[in-house]
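Here is a friendly walk through one model, from its charged pairs to its chain contacts. Please keep the sequence and the 3D view open as you read.

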Amino acid sequence: MESKSRLQILEKIRQNRPSEGPALPENIHFEPNFDDLALKFADTLGLIGGTAVFAPDFAFIAEDLRLVFPGAQQIVHGIAALSLVGIHPETITDPHDLALADLAILPGQLGVAESAAIWLDETNFGGHRVLPFIAQHLAIVLERKNLVHNLHAAYAQVNAAATGFGLWLAGPSKTADIEQAMVIGAHGARSLRVYLLG
Amino acid sequence: MKVGLFIPCYVDQFYPQVAIAVLELLQAQGCEVGYPLDQTCCGQPMANSGFAAIAGDCNANFLRNFAGYDYIVTPSGSCALHLKEHVLPHEANSSYQVYELCEFLTDVLQVSSIQARFPHRVGFHNSCHGQRMMGLSSMSERVLPAFSKPLSLLDQVAGLEIATLDRSDECCGFGGTFCVSEEAISSKMGKDRVEDHRSKNVEYITGGDMSCLMHMEGILRRQKSPIKVIHIAEILNAR
Amino acid sequence: MSKHAQAADIFNLDEARVDWHDESLWFMRQKRDKAAWSLPEWEALRNLASTIKDHSLAHLDDYWLVFEKKAEANGIQIHWAADAQEHNQIVLDILRQNDLHRIVKSKSMLTEECHLNPFLEKNGIEVIDTDLGERIVQMRDEPPSHIVMPAIHLKREDVGITFHQHLGTDEGATDPQYLTEAARQHLREKFIQAEAAITGVNFAIAETGGFVVCTNEGNADMGAHLAKIHIACMGLEKIIPKMAHLGVFLRLLARSATGQPITTYSSHFHAPREGQQMHLVIVDNGRTTQLGRADFRNSLKCIRCGACFNTCPVYRRSGGHSYHTAVGGPIGIILAPNIDMKANADLPFASTLCGSCTNVCPVKIDIHDQIWKWRQVVVAEGYVETGKKKGIQLMNYVLSHPKVYRLMGKIGRRVLRLAPFLANNGLNPWYKHREMPTAPAESFREWYLKNGAHGIKK
């Protein structure tokens with residue numbers, strides 16, 4: 001896009017930038033200081049306000065969800081193997097309609113043990129980017145074998161630009177903006193339950 | 001070895017006993033100590049106020065007085081730092097080897113058995129410039145192995161008990177002209193430092209920079225506190 | 001007295017509150033320390049982050065060209081703003097062209113710097129800040145006092161009163177959970193109604209043409225994924241070369257800011273959703289000038305983590321508002337004089353040069369060194385009071401002339417001993433909270449001349 005400011009700014013950068021800088025570091029990699037990925041993930045998730053549950057199969061997950069969210073009226077999920085009655089996100093046309101969702105259950109692609117962050121992208125939302133945020137409660141199903149130690153290993157595995165939107169999601173939404181008191185449940189999900197499957 | 005003794009201006013005027021202790025300490029370690037008589041100041045007060053550009057004459061006076069020594073030793077981390085960073089580089093004078101007192105004792109003289117006795121409970125104040133910029137000790141901000149040149153010297157003093165503070169290396173708030181230009185914050189910072197020491201029941205607060213100690217002493221005296229300040233040189237020279 | 005000193009004076013009238021403010025921020029520093037020590041490679045990460053940023057600044061225009069191509073191919077509309085005014089106009093034009101009135105905004109210090117909100121309001125557009133801390137200060141008509149925790153200067157009682165006034169919460173209610181729930185309900189309505197969402201940007205990635213927005217609350221996403229238009233605003237220094245580099249920066253950012261391993265949401269935007277417009281406004285506003293200042297260009301590495309604020313003993317005891325600039329604290333001291341030297345000439349002196357900031361900075365900005373250097377620049381440009389200048393010139397004269405120095409020292413000590421009231425009074429700022437040092441009868445030099453080079457061996 002040709003704008004006067006654009007040309008002027010780029011020219012100013014060219015004139016003012018340092019004539020040389022260091023070479024870019026390559027192959028950034030660090031050995032972790034822990035062994036058990038799943039345990040580290042679960043512990044960290046607990047520390048950041050979420051709950052990790054080790055699940056042998058989808059039947060377990062469905063039962064656990066029924067127990068934990070007995071009152072959930074509107075459940076949104078697109079996981080075929082999950083025998084839980086829910087609205088398939090692809091059947092929703094207007095994302096605003098998801099505002100009534102009590103619980104969303106999404107598949108996660110990759111988990112990072114040291115920060116309990118999970119990668120999800122558009123392929124996991126059934127077409128609605130707002131879904132992980134707008135549902136009152138969130139559950140993610142992550143295959144236990146899809147855990148890595150740290151973020152360097154994680155970026156080596158996920159293509160974070162594969163879709164128009166993706167994110168690292170670590171725990172339920174939170175804020176400590178009022179006198180530093182940690183409150184779980186800000187504008188995103190009030191809670192996060194992660195099922196480590198397998 | 002010929003050591004030139006550089007005494008910070010406020011120590012020369014207000015705390016001569018500290019300078020005497022440094023002199024005796026260095027002589028006891030076998031140094032031939034000279035004290036150039038026309039020395040004045042390192043130039044920090046001007047430079048830290050933004051007037052480094054006019055401090056040329058003050059710098060020149062330093063260079064004149066201290067030419068020809070093997071080492072220049074000063075009981076002040078901030079003066080040593082200023083000399084090294086702002087006075088000496090201009091001259092490209094690698095022959096001027098400036099050391100803060102504690103680092104001179106540990107790194108050059110490699111003192112391992114100070115004959116000193118100071119049977120008191122003491123709080124150690126890590127003066128910022130010496131600690132963070134001259135590397136006299138590790139700092140709480142960095143994930144690096146712990147070490148402390150001043151404490152390694154105090155460890156050799158018989159009878160000395162060192163208190164553990166809540167905030168081991170928070171600034172005392174002196175900051176040069178800051179002490180008057182931002183008086184409210186300066187005195188509040190000093191008050192908080194002093195309270196950390198007081199709550200650990202120390203009899204003395206010590207450190208490597210008399211400027212910090214002078215500021216804390218001012219507050220202690222206003223509070224009519226029995227706690228006294230003492231420069232580390234005086235402890236290392238105590239019998 | 002400087003502007004900062006005056007504000008700090010007032011701030012310090014309520015000592016209990018200063019203690020509370022100081023403890024709150026020190027607590028953040030301690031959480032940061034704990035997080036840093038949990039990673040043995042912490043210092044190596046800082047080195048990497050610093051190197052990547054140094055490299056990026058040296059190739060800044062190249063990276064922007066790479067970024068632009070990719071981003072535009074993915075449907076992101078790029079705008080360039082030379083200054084704050086142009087930035088604000090660009091945002092306004094987008095909103096007007098699309099006839100948008102209901103706007104939500106997530107945290108962006110860049111938009112604070114440009115004073116976007118008042119500009120939009122003047123043009124009839126109301127913007128709701130959705131970060132909880134920002135919403136609170138917005139209701140109170142105050143600026144944020146910290147770049148990460150905008151309402152850190154407020155107690156729960158203050159928030160309770162504000163929410164009672166604006167949201168109808170119970171009078172006297174102070175429970176953070178209750179108040180946050182009220183804000184959640186209130187802002188949820190706004191998200192659902194919003195036509196446009198303005199967000200900040202934490203990192204733009206040249207390699208892929210995308211950008212990342214990090215929040216704990218999820219407010220940036222609640223806005224962006226429902227609104228028809230997403231406008232992301234960023235300073236031109238916040239671009240990094242590769243996606244893989246996020247591994248370094250995202251491991252450092254939240255740990256430095258709050259002691260968390262990572263923010264709850266690290267959202268990677270590469271293309272608008274179907275039917276949505278996505279705009280990115282890239283802002284200069286003095287950054288290219290700073291880029292040209294060899295002593296100060298390092299300040300552009302900043303990732304706005306706020307760690308320097310939390311560790312600064314001066315910030316903790318004076319509060320963010322005393323810096324009278326959008327970004328305050330230690331980093332603000334080295335950024336603000338570039339934007340407006342006259343207005344911010346006092347800031348480089350709001351520091352004891354203790355160096356703590358430099359050592360918590362995840363990208364290794366030499367903050368305290370730059371503060372010292374800005375002092376030289378400010379004075380050289382003439383932004384110093386005549387009284388102070390004359391005082392320093394006099395001091396310089398005294399300290400450059402040994403005989404004069406000795407005479408002044410002698411006189412000073414004599415005055416203190418014989419007529420202490422001349423120094424011990426209200427005109428002497430030192431004396432407000434401190435006793436003067438005792439004046440000895442002789443200086444060290446005088447003692448030395450009497451006792452000779454031999455000293456006294458006990």
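How many salt bridges does a search of the whole structure find over all chains? The search finds 56 of them, where a salt bridge is a side-chain nitrogen of Lys or Arg within 4 Å of a carboxyl oxygen of Asp or Glu.

## Ground rules

This is a predicted model, in which local features need pLDDT of at least 70 and side-chain atom pairs count only at pLDDT 80 or more, while totals for chains, interfaces and linings use all residues. Residues are numbered from 1 along each chain as its sequence is written, chains are lettered from A and ligands numbered from 1 in the order in which they are written, and side-chain values use heavy atoms, with hydrogens and water left out.

## Salt bridges within chain C

Side chains of opposite charge can pair when their charged atoms come close. Take C:Asp129 and C:Lys105, whose side chains meet in a salt bridge at 3.1 Å, N to O. C:Asp129 sits in strand β3 (residues 126-129) of chain C and C:Lys105 in strand β2 (residues 102-105) of chain C, so this pair ties together parts that are 24 residues apart in sequence. Helices (H or I, at least four residues) and strands (E, at least two) are DSSP runs, numbered from the N terminus. Both C:Asp129 and C:Lys105 are buried; buried means under 20% relative accessible area, exposed over 50%, and partly exposed in between (1.4 Å probe, protein chains only).

Now look at C:Lys107 and C:Asp131, which form a salt bridge with their closest N and O atoms 3.6 Å apart. C:Lys107 lies in the loop between β2 and α6 (109-113) of chain C, and C:Asp131 in the loop between β3 and α8 (132-139) of chain C, so the pair links parts that are 24 residues apart in sequence. C:Lys107 counts as partly exposed, at 24% relative accessibility, whereas C:Asp131 counts as buried at 6%.

A further pair is C:Arg287 with C:Glu237, where the closest N and O atoms are 2.8 Å apart in a salt bridge. Since C:Arg287 lies in helix α13 (residues 287-291) of chain C and C:Glu237 in the loop between β7 (229-235) and β8 (239-240) of chain C, the pair ties together parts that are 50 residues apart in sequence. C:Arg287 is buried at 6% relative accessibility, and C:Glu237 is buried at 2%.

## Two helices of chain C

Helix α12 (residues 246-257) of chain C has twelve residues. From its first C-alpha to its last α12(C) reaches 16 Å, close to the 16 Å expected at 1.5 Å a residue; the expected span is 1.5 Å times one less than the number of residues. How many of the residues of α12(C) are buried? Twelve of its twelve are, and the helix is mostly covered. Among them are C:Phe249, C:Arg251 and C:Arg255. Just after α12(C), C:Gly259 takes a positive phi of about 85°.

In helix α9 (residues 156-167) of chain C you will find C:Thr162, which is buried with a relative accessible area of 2%. Leaving aside neighbours within four places in sequence, C:Thr162 is in contact (heavy atoms within 4.5 Å) with C:Ile136, C:Met139, C:Arg140 and C:Leu167.

## A β-α-β unit in chain B

Over in chain B, strand β7 (residues 204-207) and strand β8 (residues 228-231) pair in the parallel sense over four bridges; two strands pair if DSSP finds at least two bridges between them. One of the bridges joins B:Gly207 to its partner B:His231 in β8(B). Together with helix α11 (residues 210-222) of chain B, β7(B) and β8(B) make a right-handed β-α-β unit. Right-handed here means that, with the strands pointing away from the viewer, the path from the first strand over the helix to the second runs clockwise.

## How the chains meet

Two pairs of chains touch, and the most contacts are between chains A and C. There, 69 residues of chain A are in contact with 103 residues of chain C. The area buried between chain A and chain C is about 6,900 Å², with 61% from carbon and sulfur atoms; buried area is the accessible area (1.4 Å probe) that two parts lose on being put together, summed over both. Eight salt bridges are found across the interface of chain A and chain C. C:Asp61 and A:Arg17 meet in a salt bridge at 2.4 Å, N to O.

Between chain B and chain C, the contact takes 72 residues from chain B and 87 residues from chain C. The area buried there is about 6,800 Å², of which carbon and sulfur atoms give 57%. Chain B and chain C share twelve salt bridges. C:Arg406 pairs with B:Asp38 in a salt bridge, their closest N and O atoms being 3.1 Å apart. No contact joins chain A and chain B, and their closest C-alpha atoms lie 15 Å apart.
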